[in-house]
Amino acid sequence: MSVITTERHDDVLVIISNNPPVNALGQAVRQGLADGIEEALGDDSVKAVVIRCDGRTFFAGADITEFGKPPQGPGLGDVLDTIEASDKPVVAAIHGTALGGGCEVALACHYRVAVPSAKLGLPEVKLGLIPGAAGTQRLPRVVGAEAALPMVVVGNPIAASKAQAIGLVDAIVGEESLAEEAVAFARAQTDKPVPRSSEGTANRDGVENPAIFDEFRAKHGRKLRGFDAPAAGIEAVKAAGEMSYEDGVKKERELFMGLMGGTQSAAMRHYFFAERAANKIEGIARDIELLPIRKVGVIGAGTMGGGISMNFLSAGIPVTILEMEQEALDRGTGVMRANYERTAKRGRMTAEQVEQAMGLLTPTLDYDDLADCDLVIEAVFENMDVKKEVFAKLDSVVKQGALLASNTSYLNVDEIATATKRPEAVLGLHFFSPANVMKLLEVVRGEKTADQVLATAMKLAKKIGKIAVVAGVCDGFIGNRMLSPRQGQANALIMEGANYWEVDEVLLDFGFPMGPFQMSDLAGLDIGWHRDPTRIESIRDALCAMDRRGQKTGAGFYDYDEARQRTPSDDVKKLIADFAEKQGVEQRDISKEEIRERLLYPMVNEGALILEEGMAQRASDIDVVWINGYGWPLYTGGPMFWADTIGLDTVVAGLEKHKERLGENFRLSQLLKDKAEKGERFN
Ligand code: 3H9
């Protein structure tokens, strides 16, 4: 069946798209829309037109899978010009999400009606692009530059009610009666001059008050640092006020094509599909029967246990939280309440929602209270014996059929599972701190973890708003395992003479939010410290002995002022040099290029080892982990995609160049080597 059909309702022609799953505007859809309009214009008995979609949503945008391939006509811009040029009124009937090109279709129509649950937006910026079918020129003419800016430059969709308030939607209709009401709305517009978005004048606000652009930049600059598309988006919206419509469209095209050909958009499109691929588990049928998770148990009410619990409470799933002592239990639940209340104060939750969430929490000191949980997550001290003890206990009290999970970040999940008589029920659920905020979840598949258990965990992760990636059992799983060589090199580099602030700067310049030494200062240098100031075995020991324990003591690697602004410390530089001398390490000048190569290339190599050992399902999963868990800049696509972009032969050559300095445990991945030789990519 054709993806576009038409239907007559007396004098109204309804053009219907049915292109699952999201009515992306692929070639056949564009052609069908053009044909539909031609049909309407060629038939005198048609007085008005409605464009609507079947299935779960209005057009969710251009078909991203067509990007990077030779274009096939008709182009979306041309189709939209045809729609807008019609002198018979055309009404967009919107449900689901009108996104990107879909929102541009709606803008080209003369009127827009939507159901209350509909959302409209221009998320192209999240793919490293700007709208490319005149969205940046039509939208400001309809809603004004000020309202258009966040939509184009930040890209979050807005609700139908908000869209109506800014003039993007003309009428909100019943959730169940969109089709009929849109036809009636269209019929009521006949015999009136059609309003065309390209002729709107709301964009004057940007000309009369150009300060809105600077204010917008000042407000969002930090968040958009490093990304190319937002600046292009601002430029395009500005052009909508300063140029004729035709010239503005040309400007938009120029900017769009520039971004489309760049590496950032390729990286961000890669990420879009990577995030979706991560959810799929190889070898497990998509329709496998899942276990119901109606009640969750969490062991440990510390920072991690509390944060983990909040995920479930916020999703409406009851949690029983267990501690050893009443005091620790009270403290933990108190922190959770305080966190919720802070969220409420910021207006992101109502007081009622706070009570609702906390009402689902049952604190306990008694293991027996976990008996009827469908999933228990252990978040106790990171020690194998302690974990095994907990799992043995769980095995004896928790009902059969439940999932038993460890939040360990390093330990061997298979060994933990041996403490039970049901290793098939055991898996790792590695949350990242703060667990109620961080999106990433590593789902660790043990040797014996049942398919059903794994699939249930992945589904549950989505329900609580996490981005889950399957990892195999190895030291540090995917994320921490790759962090380890980077940290090793950071430490080695400062011993060899690199300034620690330059090591941080290299990563900041690359796009990380923080460098390793800033990170250490933030976390506290005394984590895991032996507390003996006379025992100096590392630079950290030396810093702790001087009471430089990080931000909390006003000094660590850096000195901190009252506003927590950091300045490099000459004392620390000297301390490092002295320590290096004592260890017999000769210091030298080290270039930023070497720092960058030695920090990042070993990570790619570790990623390749993870892949060749089957500890990650696919290279793109590794990218998803590093972007969501460790602040790897999205616009490079993650470590593996970044390596593809610079060339795997470059990475291998760099690793070989620095081989002597990469530590005795360094082992070049055969997979990386082979791929580099063959000129292949990971993604
Ligand atoms: C654009 O429009 C440029 C124009 O301005 C200019 C043109 C000249 N294309 O996310 P889900 C697939 S740029 C192709 O799991 P949900 C997706 O990969 C575009 N495929 O569902 C997945 O496939 P699979 C601007 C697409 O309900 C399946 O659909 N638009 C596209 O959680 C289901 O997706 C956007 O950026 C697409 N455009 O969320 C919107 N979209 O099942 C991008 C989805 O094989 N899309 N797929 O894994 C979204 O934000 C979400 O998909 C949406 C549904 C909210 C629509």
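Strands here are DSSP E runs of at least two residues, helices are H or I runs of at least four, and both are numbered from the N terminus.

Before I go on, a word on the model. It is a predicted one, where local features need pLDDT of at least 70, side-chain atom pairs count only at pLDDT 80 or more, and totals for chains, interfaces and linings use all residues. Residues are numbered from 1 along each chain as its sequence is written.

Back to the strands. G428 belongs to β15, and on another strand S406 stands opposite G428. That other strand is β14, residues 403-406, which pairs with β15 in the parallel sense over three bridges; pairing requires at least two DSSP bridges between two strands. On the β16 side, residues 440-445, the strands run antiparallel and four bridges join them to β15.

So how enclosed is β15 by the rest of the structure? Largely, because six of the six residues in 426-431 are buried. Buried means 20 or more other C-beta atoms within 10 Å of a residue's own, exposed means 12 or fewer, partly exposed is in between, and the C-beta atoms are placed from the backbone. In a regular strand, side chains alternate between the two faces of the sheet. In β15 both faces are covered, with V426, G428 and H430 buried on one side and L427, L429 and F431 buried on the other.

UniProt, in an unreviewed entry, places "domain: 3-hydroxyacyl-CoA dehydrogenase NAD binding" at residues 295-471; such annotations may be inferred rather than shown by experiment. That span is 41% helix and 21% strand, and its end C-alpha atoms lie 25 Å apart.

Now for the ligand. It is surrounded by 24 residues, with G61, A62, G100, G101 and G132 the closest; the cut-off is a backbone-placed C-beta atom within 6 Å of the molecule. Strand β5 (97-99) and helix α3 (101-108) are the elements giving two or more residues to this shell. By class, the shell holds twelve nonpolar, eight polar and four charged residues, with Gly counted as polar.

Let me finish with L99, which sits in β5. L99 counts as buried because 26 C-beta neighbours lie inside 10 Å. Beyond its neighbours within four places in sequence, L99 is in contact with A60, G61, G121, P123 and P157, contact being C-beta atoms, placed from the backbone, within 7 Å. Thanks, happy to chat!

Notes
Contact = placed C-beta atoms within 7 Å.
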